[in-house]
Amino acid sequence: MPEAVNWNRPIKVGVSSCLLGEKVRYDGGHKHDHYITDVLGKFFTFVPVCPEVGCGMPVPREAMRLEGDPEHPRLVTNKTRIDKTEQMRAFCKQKVTELADEELCGFIFKKDSPSSGLFRVKVHNEGMPTRSGSGLFAAAVVKHFPLLPAEEEGRLNDAAIRENFIERIFCYRRWKDFLLDSPDLGHLVTFHARHKLLILAHSTSIYREMGSLVAHGKGMSWPELAQSYEALFMKALALHATVKKNTNVLTHIMGYFKRDLSPAEKEELLGVIKEYHDRLVPLIVPLTLLKHYVGKYGQSYLQQQYYLSPHPAELMLRNHV
């Protein structure tokens, strides 16, 4: 099976500093997330950011909150009512420019933070606060890097969200590796072919759109072609690979063995795929059997497919039902 990425190049992931155990929160504490440091830390190089400390605020400090228009909220201290919006925005503008040089492949934000919360951050106004905002720094990062995989640490407790996010990080690193190795249209055809089944598990319609783009690539400049392909690639991967879509891909893979499998092997494989379809076993079960047949029958095309090994097995991302 192909390697998840070129391990000679680091997989850099931005992360809210408090999640690494740094004591930078308003109360002088941290929110150390051991899954991030102990599990993901084996594969990723972290680039920590604390927007509050970065923009010059002390530790400890007065707590703050978002107020006003959820689309353009103000950052205001809770008790003294000091508006910190412009101070934070100035930092955000400078920091996203610095982060562009880091070649980030993902970002993990601290949920609920008025600076770093990505989704459903409380915005206060008259009456009850609404969970309709994003932290000022998180919003700036997403706006500046629209294709960058981004998540909150709390949502990583959801197995499907965690798998999708980490898969996108590895795919983004592979794409960046591809761009660093003097690519051309021929190399793009190969890259696209090796990701065929992986993309199909996310979106058949976007896969067809990508195929048409590559097929007509000779009529485009390389920068335009690469930029358009990258946008579609990351758009497709942002859509979750469902049980139904995975089942279709598994059945498609089985078709490559129609002349190889014995009746007993075919029956076993069909049974395992059905068990996955019925949510009785996790995806890793039919995939393990398929990878066994890939090796047994020397299926060279499937050996190059990232769908079978999109990320290190140690992350155990395909073990949930």
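Tyr229 and Phe233 share helix H9, which spans residues 222-238. They sit four residues apart, about one turn of the helix. The model is predicted. In it, both Tyr229 and Phe233 are buried.

How are the two rings of Tyr229 and Phe233 arranged? Their centres lie 6.0 Å apart, and their planes meet at 25°. Planes under 30 degrees apart count as stacked, so this pair is stacked.

A search of the whole structure finds 18 aromatic pairs. One of them joins Trp175 and Phe191. The ring centres are 5.3 Å apart and the planes are at 70°. An angle over 60 degrees counts as edge-to-face, so that is the label for Trp175 and Phe191.

This pair links distant parts of the chain. Trp175 belongs to helix H5 (residues 159-180), while Phe191 belongs to helix H6 (residues 185-194). The two residues are 16 residues apart.

Are Trp175 and Phe191 buried or exposed? Trp175 has 1% relative accessibility, so it counts as buried. Phe191 has a relative accessible area of 8% and is buried too.

## One cluster

Both pairs belong to one aromatic cluster. Its members are Trp175, Phe178, Phe191, Trp222, Tyr229 and Phe233.

## Charges over rings

Which ring does Arg174 lie over? Arg174 lies over the face of Tyr306, 4.0 Å from the ring centre. Lys176 has its charged end over the ring of Tyr172. Here the distance to the ring centre is 4.5 Å.

Note on methods. Residues numbered from 1 in each chain as written. Predicted model: local features only at pLDDT ≥ 70, side-chain atom pairs only at ≥ 80, totals over all residues. Heavy atoms only, no water. Phe/Tyr/Trp six-rings, centres within 6.5 Å; stacked < 30°, edge-to-face > 60°. Buried < 20%, exposed > 50% of the residue type's maximum accessible area, 1.4 Å probe, protein only. Lys NZ or Arg CZ within 6 Å of the ring centre and 35° of its normal.
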